[in-house]
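Please open the structure in a viewer and keep the selection tool at hand.

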Amino acid sequence: MEEIKGYEVLQVEAPNPAQLVASLDRAERANIDIQVSTAKQYPRSISRCVNNAIAIATMDKETAQSCGYALPRGGKPITGPSVHLAKIIAQQYGNLRAEAKVVEITDRQVVSRGTAWDLENNYAVSFEVRRSIVGRGGNRYSDDMITVTGNAANSIAYRNAIFGIVPKSITEKAYKAAQHMICLLYTSDAADD
């Protein structure tokens, strides 16, 4: 031991980075093994998934509206199921691991990767989404706007990964139910006017 100004200094050897990574890898693998065995022990019910996803997506007007998006492109709206609907469906589908994270920031783009893994069927998909971080004037966005753009890219990558795992028939049933509810509400609101 060494002494510095009246204090004893204990020298500790830093852990080997490779050993640290290996122990983290073992812990992560054990965590995944538990999730896979749990998924096999408690398989999903497709009918319960569909019924619950529809019930949640149509629980009120705001939720139904959040289940879809519309973006103007070339004078026409592009519409489809939203990340909010993807989260509802992922929760109800079950036995699923999903994540999205920014994997690269270049001078001109943010790159996000969304990954979903069906633990029950051992099927995984991954999607990359790129979003520009350069404004119309050619200037790079501020750090805050790069973070906002990264979060938007994460949402899109997450949605794409979930919809890459969950069968389209399930997604379509929940999406159409939400859109139908919106139409009914607007029709009844117009009749009340």
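Two rings of Phe, Tyr or Trp form an aromatic pair if their centres lie within 6.5 Å. The structure shown is a predicted model, and a search of the whole of it finds zero aromatic pairs.

**First selection: a ring and a charge.** Select Tyr93 and Arg44. What lies over the face of Tyr93? Arg44 is placed there, at 3.8 Å from the ring centre.

Two packed helices are described by the angle between their axes and the distance between the axes. Select residues 83–93, which form helix 4, and residues 143–165, which form helix 5. Their axes come within 9 Å and cross at roughly 45 degrees, which means that helix 4 is oblique to helix 5. The crossing is left-handed. To view the contact, display Val83, Leu85, Ala86, Lys87, Ile89, Ala90 and Tyr93 on helix 4, together with Ser155, Tyr158, Arg159, Ile162, Phe163 and Ile165 on helix 5. By class, this contact has 10 nonpolar, one polar and two charged residues.

Helix 2 passes helix 4 in a right-handed crossing. Helix 2 contributes Ile46, Arg48, Cys49, Asn52, Ala53, Ile56 and Ala57 to the contact, while helix 4 contributes Leu85, Ile88, Ile89, Gln91, Gln92 and Tyr93. Coloured by class, the contact of helix 2 with helix 4 shows nine nonpolar, three polar and one charged residues.

Note on methods: Residues are numbered from 1 along each chain as its sequence is written. This is a predicted model: local features need pLDDT of at least 70, side-chain atom pairs count only at pLDDT 80 or more; totals for chains, interfaces and linings use all residues. Side-chain values use heavy atoms; hydrogens and water are left out. Rings of Phe, Tyr and Trp (its six-membered ring) pair if their centres lie within 6.5 Å; planes under 30 degrees apart count as stacked, over 60 as edge-to-face and the rest as tilted. A charge sits over a ring if NZ of Lys or CZ of Arg is within 6 Å of the ring centre and within 35 degrees of the ring normal. Axes are lines fitted to C-alpha atoms, for helices over the stretch in contact, and angles run from 0 to 180 degrees between N-to-C directions. Helices (H or I, at least four residues) and strands (E, at least two) are DSSP runs, numbered from the N terminus. Angles under 35 degrees count as roughly parallel, over 145 as roughly antiparallel, 65 to 115 as roughly perpendicular and the rest as oblique. A crossing is left-handed if the near helix is turned anticlockwise from the far one by less than a right angle, and right-handed if clockwise. Contact means heavy atoms within 4.5 Å. Ala, Val, Leu, Ile, Met, Phe, Trp, Tyr, Cys and Pro count as nonpolar, Asp, Glu, Lys and Arg as charged, and the others, Gly among them, as polar.
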